[in-house]
Amino acid sequence: MLGLKLLTDPRWANIAESNLEEILTDHAWCEQKAASNAITLITNNSEHEDLVHELAAIAIEEMEHFKMVVDIIKKRGYTLGRERADDYVNQLFKFMKKDGSRNQAFIDRLLFAAMIEARSCERFRVLSQNIKDEELKKFYYDLMVSEANHYTTFLNFAKQYTIDVDVDKRWKEWLEFEGELIQSYGKKEAIHG
Ligand SMILES: [Fe+2]
Ligand SMILES: [Fe+2]
């Protein structure tokens with residue numbers, strides 16, 4: 001799925017469903033971070049008009065997702081907890097190239113975003129197929145479709161704007177790295193846990 005090297009054990013969905021308040025809090029903050037990342041990409045690369053346009057739409061959509069999750073939390077009588085550290089994303093952030101040319105750093109940030117979208121999409125799929133809660137099943141199915149579109153957008157921009165990166169080769173490196181990394185996860189009630 002989306003080139004991912006390792007698929008999530010469906011039993012992770014049972015862990016997630018055992019603590020919905022926690023998974024929903026973690027999820028809400030994932031959406032907020034996705035919006036922030038889109039805004040950072042816009043801020044740092046504002047010369048690319050079509051990127052600014054598309055990522056503005058994505059930032060809005062991610063904050064709509066944030067609001068949807070927060071609404072579910074409220075409706076169910078849960079409390080939105082403080083922002084959670086995302087160890088998985090922090091590891092990917094470390095892998096991202098920050099040196100080299102400005103364009104190389106730009107392309108790698110797009111691939112970083114595509115990678116997170118790909119795994120999030122896969123996790124939402126596992127939730128939509130395995131949890132028993134009917135409302136959340138449908139909710140995660142819809143989000144899976146949306147994050148798959150974001151994944152495609154980020155990867156296509158990386159291919160469109162590259163001038164000094166072999167994007168296909170670098171994307172393979174990302175997939176290899178992520179495939180190793182994700183082996184230590186799948187045990188916690190967090191979207192990337
Ligand atoms: Fe989202
Ligand atoms: Fe997304």
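From the N terminus on, the elements of this predicted model run α-α-α-α-α-α-α. The protein has seven helices and zero strands. Both kinds of element are DSSP runs numbered from the N terminus, with at least four residues (H or I) for a helix and at least two (E) for a strand. Residues are numbered from 1 along each chain as its sequence is written, and chains are lettered from A and ligands numbered from 1 in the order in which they are written. Because the model is predicted, local features need pLDDT of at least 70 and side-chain atom pairs count only at pLDDT 80 or more, while totals for chains, interfaces and linings use all residues.

The radius of gyration, taken over C-alpha atoms, is 16 Å. A compact globule of 193 residues would have a value near 16 Å, so the two agree; the globule rule is 2.2 Å times the number of residues to the power 0.38. Along the principal axes, the C-alpha atoms fill a box of roughly 50 × 30 × 25 Å.

Helix H2 (residues 20-44) packs with helix H3 (residues 49-75) at an angle of about 165 degrees. Their axes lie 8 Å apart. Axes are lines fitted to C-alpha atoms, for helices over the stretch in contact, and angles run from 0 to 180 degrees between N-to-C directions. H2 and H3 are therefore roughly antiparallel to each other, a term for angles over 145 degrees.

How values were computed. Parallel < 35°, antiparallel > 145°, perpendicular 65-115°, else oblique.
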